[in-house]
Every structure is written in structure tokens, then in C-alpha cells.
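Me: Take a close look at one helix pair for me. Keep it brisk.

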Amino acid sequence: MEKLKQKISIIGCGNIGKAIGKGLIESKIIVPNRLTVTRRKTEALKELFAEMGVNVTSDNNEAVKKSSIVIIAVTPQKLNRILEEIKDNLNTGKHIIISIVTGAEIEDIKEIVEKDIPVVRVMPNTAISIKESMTCISADKKDEDALKTAVKIFDTVGKTAVISEDLMVPATSLVACGIAFFLRAIRAAGQGGTEIGFHADDAIMMAAQTAKGAASLLVDGGSHPEREIDKVTTPQGLTISGLNQMEHHGFSSAMITGIVSSAQRAETIFKKNK
Ligand SMILES: NC(=O)c1ccc[n+]([C@@H]2O[C@H](COP(=O)([O-])OP(=O)(O)OC[C@H]3O[C@@H](n4cnc5c(N)ncnc54)[C@H](OP(=O)(O)O)[C@@H]3O)[C@@H](O)[C@H]2O)c1
């Protein structure tokens, strides 16, 4: 793995910030002492990060000064305050901002920063901690170099897709909330497994590995779901019987409406917060 030349800071290292930090260290794209992570309650970071040699601080400006790639992972309500706090230490030509903050538009961030600092908007999911994120990335055309840097970073912790900025909010539903949707599907399969005779822990593991195999047929094998389904649905067979029962009970419809509902809610929440 070619190491990144720049130093990175993660401002607001909560759930997703921790997952990103852990993933980046595990991917070896950065050595621990070139990463700085912040939050106000630093004790919550010491156990995981300080032992690895990552710099842990509650001083956001110290983190910004120490790094050139500034990943902002605070909640949307905190974003403007953080930008106001650090903007004097952001330098054109040195820094790029990578915002993980859901709903925050590139233009709004640039407006607060008031300097020519490239801003890349990124939407990963928590599987980033095990280098299996699906990460959507967007930037203005003129910030292509910063976009490439972000793609290079996030390619080491899963798969990336560069998308247009107007799809970033819908992407929240599919990739960030999506983790919960698929976990619930696996839990449901585990419950079915228990009812047909397996111990709950075994049933979940069997369901999870089966889900992982199914996903890998598409991600690694480049196949399409229906092509793979056709291979296991013999006429009058067991699989088609189960599959059709699931469809009669609204399986596909539940997933589709769930994804659309989360995307619509995201759209409403982020418009309201603007
Ligand atoms: N969780 C996900 O799966 C996910 C996925 C994609 C995007 N996102 C987005 O990522 C952002 C963070 O989400 P999250 O789930 O990680 O939230 P979170 O766990 O609440 O993390 C936010 C962190 O910011 C810290 N913080 C608050 N004020 C701060 C300040 N003044 N200086 C430094 N740190 C400060 C908080 O710690 P202290 O209170 O100790 O300061 C907290 O740990 C959100 O905008 C979310 O929409 C989340």
C-alpha cells in the first residue's frame, strides 16, 4: 500500500469518525502518528486510538494545523460552529476539507470558510471500520485533485462511487442507512433459521455468511441478482416457493418503500436545517 504523503485529521470523531480512523489505520494508507482525531470527551477515543499512536486532542485548531486533509465528521447542527472555529487556520494550497456531514452542501461549506479551500463531500457507511464501506463522493469540477485524493483514501476502505452532488442525500439512504436495512434482513433470516431448528447464534452466523456470499457474487463476481436467483430456482422447487411467499408478503416492496422513505426524510430534514 502506497502511503499517503499528507497528514489527516478527523474533527468530531464519534461513530463514523472512529470507523473511518480505524479503517484508515488498518488499510495502512497512513501511519498512526500522522493521524489526529478530535472530540470534546477525548477519554472516549484514548482506548482505541492513543494506544495505536494516533494523536488524540480536543483542540480542533491544533488538529487542523497538524494536518492538510481535514475530515469533518460532526453532526449537521455542529458543522457551522466548527467551520467558524477552524477557518482561520485553513490555508489555501495546503488544506482540503472532506465533509462526512450528511446534508451539508459544498457551496455552504465554502461560503463559511471564505477561502479557496477544496471541499469534497463524502458519504461512507460504518462498515468502513472493517474496510468494507460503500462510499459515495462528490466535488466541484475545479476541485478534481482533491476529489482524486478522497477517492484514493476511501478506495482503501471499501468501494467508492463518484456521484453528482444532488444525489448525495439520496445516497445517505441507500449506503448509510442501508447498513441497518441489510442487518435487519439478516436478523429476520436468523429468526427464520431458529424457527426451523438452529440455535439463534448459529442461525445469525449462517444467515450473515450466506448474505455475504450473495453480495460477493455481485461485487466480486460482477453478476446480477436475477441471474444468480435463476440458478437456484428450479421449477416447482424449494427456493421459488420460499421466494414467492416472501414477495406475497411484500419483501421487495418493503425494501423499496423503506429506502424511498429514508431518502425523503433526509431531504426534508436537511432542507429544514438549512
Ligand atoms: N453514523 C453513520 O453511519 C454515518 C454515515 C455517514 C455519515 N454520517 C454523518 O457523520 C456525522 C457524524 O455522525 P456520527 O453518527 O458519527 O455522530 P456522533 O457519533 O454523534 O459523532 C459526532 C462527534 O462529534 C463530536 N463533537 C461534537 N462537538 C464537537 C466539537 N466542538 N469539537 C470536536 N468534536 C465535537 C462529538 O463528541 P463530543 O461530544 O465528545 O465532542 C461526537 O463524538 C453526521 O453528520 C452524520 O450524518 C454518519
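In which kind of crossing does α4 pass α5, left-handed or right-handed?

Reply: The crossing of α4 past α5 is right-handed.

First, the basis. This is a predicted model, where local features need pLDDT of at least 70, side-chain atom pairs count only at pLDDT 80 or more, and totals for chains, interfaces and linings use all residues. Residues are numbered from 1 along each chain as its sequence is written.

Now the pair. Helix α4 covers 76–86, and helix α5 covers residues 106–113. Helices here are DSSP runs of H or I, at least four residues, numbered from the N terminus. The two axes come within 9 Å and cross at roughly 35°. Axes are lines fitted to C-alpha atoms over the stretch in contact, with angles from 0 to 180 degrees between N-to-C directions.

The contact itself is made by N80, L83 and E84 in α4 with I109, I112 and V113 in α5. Contact requires C-beta atoms, placed from the backbone, within 7 Å. By class, four of these residues are nonpolar, one is polar and one is charged. Nonpolar covers Ala, Val, Leu, Ile, Met, Phe, Trp, Tyr, Cys and Pro; charged covers Asp, Glu, Lys and Arg; the others, Gly among them, are polar.

Helix α4 also has a part at the ligand. Along with α1 (15–27), α4 gives two or more residues to the shell around the ligand. That shell has 25 residues, and G12, G14, R40, K41 and T102 come nearest.

Methods:
A residue is near a molecule or strand if its C-beta atom, placed from the backbone, lies within 6 Å of it. A crossing is left-handed if the near helix is turned anticlockwise from the far one by less than a right angle, and right-handed if clockwise. Two residues are in contact if their C-beta atoms, placed from the backbone, lie within 7 Å.
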